[in-house]
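Student: I would like to go through this structure step by step. Could we begin with how the chains meet?

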Amino acid sequence: MLRHLYRCALRLHPPGFRKRFGAEMLSIFDQSKEKRASLRLLLDVAMSLSRQWLLRSEFWGETPAAPAPQPALDGVPSFCTIDSFHPSPAAFVPGLVLSLAIFSLTGIAIKHSWIHVLRIRIPEAQLETPQWIPETTAAPQVGLSGSGQESPALASSESTAALVSPPTAETPKESQSASNPQNPQRRAQSLSNSAKQSATAIAESKTQPETTAVSSTVSGSPAAVSAHNWKLDAAEQQLVIDGAIQNLQKYYVDPSAAQRIAAVLLAHKEHSDYSAITDRQVFANLLTRQIDAAGRDKYIVVVNTTSAVPDRPALPFSQEVARYRKQMAESNCTFEKVQILPHNIGYLKFNSFPDVSVCGEVAAAAMKKLNGTDAIIFDLRDNLGGNARMVAFLATYLFDQPTHLNDFYNRGDNNRFESWTLAPVPGNRLTDKPAFVLTSASTFSAAEAFAYDLKMLKRVTLVGETTSGRGHMGAPHSIDDHFMIRIPGILVTNPISKTNWEGKGVEPDVKVNAVDALATAEKLALSSLQKK
Amino acid sequence: MNEDLDRFLPLSPATLHILLSLAGEDLHGYGIMQEVARQSEGKYKLGPGTLYDNLQKLIQRDWVKELGNRPSDDDPRRRYYRLTSVGRGVLSAETARLAAVVREARSRLQIAKPRRA
């Protein structure tokens, strides 16, 4: 033990000294029999160590003087080594343990670091839009959401996709099931699915031109399908189930429901319910149904990415931003109608909540146009949601002071943040005007947030139908090359009701069919103006 | 030559003892330690750290030369050291200096004694 320490101390000496005298010093140590003498030598070597490093810098790099070479024996090859030191085989074990420990510590340090250079929060903070929209790359949205603080930034990727489709009365629920030729991306997805299922090159080659014709952005799909056309096997099923359970337990807003879902999936696996399935799409759909049955949440979706993901080649960040800006410019940021109706009632119909950094000016211009009206109607009947900052941006026009709209809790990183309206807009005259929000069964996500928050603050009257009921924000999590799972991971809580509209939808104050909502709201606005 | 050597004087006790121990015969490190202990009757103990630190310096100044190991020796790790002519010169100069010191001291002490008495 003492000898070991002595050797360690010797090794720590400057190389010049160590090579020249190390072996001799050890031989002297070996001559001392008594423990006391050994201890004295240990003290001596410690002092020598500090002396050599602190006071003898001129000798640090000194190479040993060549000792008298041993006469080589005839026929025995002689080797010359630069350094006589060789690690013993036993040293590899502590070396391995040490490397692993350092590696693990580094990993843990990165994970728990407060400097989240690599963390991209934005995909976590997407207000959910209908699930049929193929997942688009989330990264570019980081920039689009601006350098905003903790504000739940938004579903820009989803809203971007939503904007591709013309505004229709399509509801998210309907759209889960089948086909809507009006949405090119979705159509492309179903086409590529069919291509996959037919599993023949001919079917794929037929599909390709058609898909390309629908939208040039989806031409990558068939190639991707053919590249991943291997059958699903039991090992991958196990992997996908385990991955889904792990992600649910980590991210899903309701931990107990996540446990329940996990138990159900494992029970199905136990009963070999999946053994006959070799098609990934069938497997993904089945898992989604079983999760919905167990967890009562139709927004947890297992997605077969083999057919859905490669909608278009990933663009560089700047091009993504440019693409988004172009789409917004072409669609006037989805602000479809800005009108002044009879009796000086303002009417604003917009079909998403786009990113403030891109569409803030369009939104502000619309609100400015309606600034002189005596009442205002926000038509959200075709609004598929989007960016929570835009919710706050528009709500700002209805208040004369910053107002607390929502609390967000991201379970994955245990992070809380709040959404507030901004500072009052100078010259705005709408803060005390009657306001109405039109809703339909397809009003979704951020649009529901707008309706719900203003209803809770008793600032608007909701007219129309109960909304679709998307209260949590979610994000996709990759499981393997072929599957991912979309999980609602951000809990939205209204500070007044202490709850949200998840699953229930937002109840209107005046319940009428969506088609009659505008006329009803106009009547209500007129009567409230006449009362004044 | 002597002027050159004088700037190294006085020698530190360790250096003096090492040079002195090598004055008789070539020794390995452990041998030097034992010889130093013997010469000083056990009063001056030189640890290996101090020994090799000094040897390093002495070799660099070319006062001592390293001979490598001797195949006949039982421990192949041992290396032998020999005093060079320069080293011998330094030792002589130091001895002369010490002799002068001793002489001076003796004469002073002899003068002092009667006064005290």
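Student: How many residues of chain A are in contact with chain B, and which helix of chain A supplies the largest share?

Tutor: This is a predicted model. In it, 16 residues of chain B are in contact with 20 residues of chain A. On the chain A side, α2 (15-31) and α3 (35-55) each supply at least two residues. The largest share is nine residues, and the helix they come from is α2(A).

Student: Which class of residue has 13 members on the side of chain A that touches chain B?

Tutor: That side also has four polar and three charged residues. The class with 13 members is nonpolar.

Student: What is the pattern of helices and strands along chain B?

Tutor: Chain B has five helices and three strands. Of its 117 residues, 31% are buried. Read along the sequence, the pattern is α-α-β-α-α-β-β-α.

Student: What is the order of the strands in the open sheet of chain B?

Tutor: The edge strands of chain B are β1 (27-28) and β2 (64-68), each of which pairs on one side only. β1(B) pairs with β3 (residues 80-83) of chain B over two antiparallel bridges, and Leu27(B) stands opposite Tyr81(B) there. The order in this sheet of three strands is β1-β3-β2.

Student: At what angle does helix α2 of chain B run to β3(B)?

Tutor: Helix α2 of chain B covers residues 13-24 and lies across β1, β2 and β3 of chain B. Its angle to β3(B) is about 90 degrees.

Student: In chain A, are helices α11 and α12 roughly parallel or antiparallel to each other?

Tutor: α11 (residues 234-251) and α12 (residues 255-270) of chain A have axes 9 Å apart and pack at an angle of about 170 degrees. An angle over 145 degrees counts as roughly antiparallel. The two helices α11(A) and α12(A) are therefore roughly antiparallel.

Student: Which residues of α12(A) make that contact?

Tutor: From α11(A), the contact uses Ile241(A), Ala244(A), Ile245(A), Leu248(A) and Gln249(A). The residues of the contact divide into eight nonpolar, one polar and one charged. From α12(A), they are Ala258(A), Ile261(A), Ala262(A), Leu265(A) and Lys269(A).

Student: Which residue takes a positive phi in the hairpin of β6(A) and β7(A)?

Tutor: β6 (residues 404-410) and β7 (residues 415-420) of chain A run antiparallel and are joined by six bridges. One of the pairs across them is Tyr409(A) with Arg416(A). Four residues lie between the strands, and the one with a positive phi near 55 degrees is Asn414(A).

Student: What is the bridge partner of Asp407(A) in β11(A)?

Tutor: β6(A) also pairs with β11 (residues 483-493) of chain A, in the antiparallel sense over four bridges. The partner of Asp407(A) in β11(A) is Thr493(A).

Student: Which residues touch the most other members of the largest nonpolar core?

Tutor: Val391(A) can be followed in detail. Setting aside neighbours within four places in sequence, Val391(A) is in contact with Phe353(A), Leu405(A), Ala446(A), Ala449(A) and Phe450(A). In this core of 60 residues, those that touch the most other members are Val391(A), Leu438(A) and Phe450(A).

Student: How many residues are in the second, separate core?

Tutor: Its members include Phe29(A) and Leu41(A) from chain A, and Leu16(B) and Val90(B) from chain B. The number of residues in this second core is 31.

Note on methods: Residues numbered from 1 in each chain as written. Chains lettered and ligands numbered in written order. Predicted model: local features only at pLDDT ≥ 70, side-chain atom pairs only at ≥ 80, totals over all residues. Axes fitted to C-alpha atoms, helices over the stretch in contact; angles between N-to-C directions. Parallel < 35°, antiparallel > 145°, perpendicular 65-115°, else oblique. Contact = placed C-beta atoms within 7 Å. Nonpolar A, V, L, I, M, F, W, Y, C, P; charged D, E, K, R; others polar. Buried ≥ 20, exposed ≤ 12 C-beta atoms within 10 Å, placed from the backbone. Core = buried A, V, L, I, M, F, W, Y, C linked by C-beta atoms within 7 Å. Pairing = 2+ DSSP bridges.
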